[in-house]
Amino acid sequence: MDTAIKNASGSDDYILQLEGVSKFFGTVISLKDVTLRLRRGEVHCLLGDNGAGKSTLIKTLAGVHKPSEGRYLIEGEEVSFKSPREALDCGIATVYQDLALVPLMSVARNFFAGREPTKKLFGMIPVLDMQLAASTAVDKLAEMGIHVRSPHQPVGTMSGGERQCLAIARAIHFGAKVLILDEPTAALGVKQSCNVLKLVHKARERGISVIFITHNVHHAYPIADSFTVLNRGQSMGTFAKSDISKEEVLDMMAGGTEIQSLVDELEGRQAA
């Protein structure tokens, strides 16, 4: 392909693209003509109220659902994933709200769940290399700023923020090019939310592209480079951070105008 033509199309700039994607479940329209483009090393926030279509879009990106219409491209090549494993093999890692962690299993076992390192016992029998799993888990979590008491402690003894960081660090360790985070701060306190946002920043510094899904504009705005706002399965547009204020993003989301009116009303009462 001619270099000038390729650069003019912008395909070199994007690691992931949804072009005019729709998803139908019978007569139910979950997504309609949604376009989302993720640049390399970018944090892109996907915003929307409950029922906006965020979950369907996540599962489409993760290979759970196939688009009913439109195109899904990875690094400029059109893809059609048959399973989430195929998406993961292409470097598309999704961290859902439930985190896919087993509370009674250790930090090290959860870190390597499904991808356990092995060694040969008596030179022939493959067994779990627990020492390697433990040391690797501790080192990789420390690189992301998380210091666990022991790699053998049950995950159930960790805080919600630490569990989020474990799930994110695991995805990064196994070669994620694109990290999709589903409401990572939804059930966290202020300090734990800050730790997760710092981890997202560290992922960006490593050149990893992040799709940050949330309905909380106050968490999204400080960390995002760009925004796509969903409302009832349709995109309200994509905006660079430099082109839109936090208040404008809030107004575009469902209920934004009503919330701002309530704030103005309460401030008026206090002033009186």
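Why does Arg232 count as exposed? At 74% relative accessibility, Arg232 lies over the 50% cut-off for exposed, where buried means under 20% and partly exposed is in between, with a 1.4 Å probe and protein chains only. Arg232 is in the loop between β11 (226-231) and β12 (234-240), and has a positive phi of about 55° although it is not a glycine.

Good morning, colleagues. The structure above is a predicted model, in which local features need pLDDT of at least 70 and side-chain atom pairs count only at pLDDT 80 or more, while totals for chains, interfaces and linings use all residues. Residues are numbered from 1 along each chain as its sequence is written, and side-chain values use heavy atoms, with hydrogens and water left out.

I begin with the overall picture. The protein has 10 helices and 12 strands; these are DSSP runs numbered from the N terminus, helices being H or I with at least four residues and strands E with at least two. Of the 272 residues, 43% are buried. Among contacts with a separation of 6 or more, 65% are between residues 24 or more positions apart, a contact being heavy atoms within 4.5 Å.

Next, the strands. Two strands pair if DSSP finds at least two bridges between them. Strand β1 (residues 14-25) runs antiparallel to strand β4 (residues 69-74), and five bridges join them. Strand β4 also pairs with strand β5 (residues 77-78), again in the antiparallel sense, over two bridges. Leu73 of β4 takes part in both pairings: Leu73 is the bridge partner of Gln17, and Glu78 in β5 is the bridge partner of Leu73. The hairpin of β4 and β5 has two residues between the strands, and there Glu75 takes a positive phi near 50°. Another non-glycine residue, Asp33, has a positive phi of about 55°; its place is in strand β2 (residues 28-39).

I turn to helix α5. This helix covers residues 130-143, 14 residues in total, and reaches 20 Å from its first C-alpha to its last, close to the 20 Å expected at 1.5 Å a residue. The expected span is 1.5 Å times one less than the number of residues. Which residues of α5 are buried? They are Ala133, Ala134, Thr136, Ala137 and Leu141. An α-helix has 3.6 residues a turn, so residues three or four places apart point the same way. The buried residues of α5 pack against α4 (107-111) and α6 (160-173). Just after the helix, Gly145 takes a positive phi of about 85°.

On a 1 Å grid over the protein atoms alone, a cavity is a set of points where a 1.4 Å probe fits but cannot get out, and a pocket is an open set with protein on both sides within 12 Å along at least five of seven lines; lining residues have an atom within 4 Å of a point. The largest pocket is lined by 22 residues, of which Leu88, Ala93, Thr94, Arg115 and Arg170 lie nearest its centre. Two or more lining residues come from each of α3 (84-89), β6 (92-95) and α6, and β6 gives the most, with four.

The structure holds one cavity of 30 Å³ or more, a volume being the space filled by probe spheres set on grid points joined across faces, edges and corners. Its lining is formed by Thr60, Gly63, His65, Pro67, Tyr72, Val79, Ser80 and Phe81.
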